[in-house]
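This briefing goes with the sequence and model shown below. Please read the two together.

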Amino acid sequence: MKIGSHISSAGGFCAMYHKARSIGCDTMQFFVRNPRGGKAKAIDENDLTEFHRLLTEGNCSPVVVHAPYTMNICSPKTDVRQFGLEMMREDLERMEYFPGNYYNFHPGSAVGQPQELAVRLIADGLNTILETDFHSLILLETMAGKGSEVGATFDQLAQIIDLLERPEKVGICLDTCHIWDGGYNIAEDLDGVLCAFDAVLGLGKLKAIHLNDSLNPCGSKKDRHALIGKGEIGFDALCACLTNPMLSELPFLLETPTDDAGHGKEIQSLRAAVYAEKNENFQ
Ligand code: FE
Ligand code: FE
Ligand code: ZN
């Protein structure tokens, strides 16, 4: 079981790695540019090379780079789509310094267009990007279905993947807050939800979990994260994700509304609960 959190990105890559380890992460998520978009920082080759060495020797991979929130590769505006794809390409180029990891992005928002068109635009964009042979796996994040968001159902994510020329280069990151808000009741029936995922997408496509509680009830489509155990999903249901045999090999990343130290405490309490449960089953 690998647990980590989204690490605040002050300093370079190695600084982020050390911060992650200091709060008990054995995987991590981070941005490689301002989360609201804009220019990427200049490449520091030494820092990136050392970062790759640390990840490998520290058995910390796979790690997840999160694309900027503002990226929308299915926008009705051509320049917004183009800008999104440029950022994605640049981020993936940077990730070539630490190959074998994941690039997670929000599929996008249709903003007035039919959802089917948005699905097509996302697939077209990914097909263009994947003409280059990047050594990272791109992940589509499951969304809450807020506004005109694309990717709030397993079916719609499967429609995107079905249109890809290289579907093996794309996987799924499941966000527990988002799918809960999207109407998948993981608190009452986690196995049922995972079986539905398997039927539509195949569990082999599932590569990472965003482990978040939700401020709102199942189906609310709000996307407001809560601290672990302080929301509507609850501590036990989130712990059950960590120990579910269908998920236990995946990296779990916390994106709860707290700082690095707060994430450290949450990681600690989750690990303690999981070990206590394992011991109980053993005896
Ligand atoms: Fe996200
Ligand atoms: Fe997320
Ligand atoms: Zn969210």
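Which residues coordinate the zinc ion (ligand 3), and at what distances? The zinc ion (ligand 3) is held by H178 (NE2), D223 (OD) and H225 (NE2), at 2.0 to 2.3 Å, where donors are N, O and S atoms within 2.8 Å of the metal (3.2 Å for Na, K and Ca) and sites may look incomplete, as water is not among the atoms. This is a predicted model, in which local features need pLDDT of at least 70, side-chain atom pairs count only at pLDDT 80 or more, and totals for chains, interfaces and linings use all residues. Residues are numbered from 1 along each chain as its sequence is written, chains are lettered from A and ligands numbered from 1 in the order in which they are written, and side-chain values use heavy atoms, with hydrogens and water left out.

**Zinc site**
- Along the chain, the donors of the zinc ion (ligand 3) follow the spacing H-x44-D-x1-H.
- D223 has 16% relative accessibility and therefore counts as buried (under 20% relative accessible area; exposed is over 50%, partly exposed in between, with a 1.4 Å probe and protein chains only).
- The zinc ion (ligand 3) is 5.2 Å from the iron ion (ligand 1).

**Iron site**
- E141 (OE), D175 (OD), H210 (ND1) and E255 (OE) coordinate the iron ion (ligand 2) at 2.0 to 2.3 Å.
- The iron ion (ligand 2) lies 3.2 Å from the iron ion (ligand 1), and E141 coordinates both.
- D175 lies in strand 8 and E255 in the loop between strand 12 (251–254) and helix 9 (260–282), so the pair ties together parts that are 80 residues apart in sequence; helices (H or I, at least four residues) and strands (E, at least two) are DSSP runs, numbered from the N terminus.
- Both D175 and E255 are buried.
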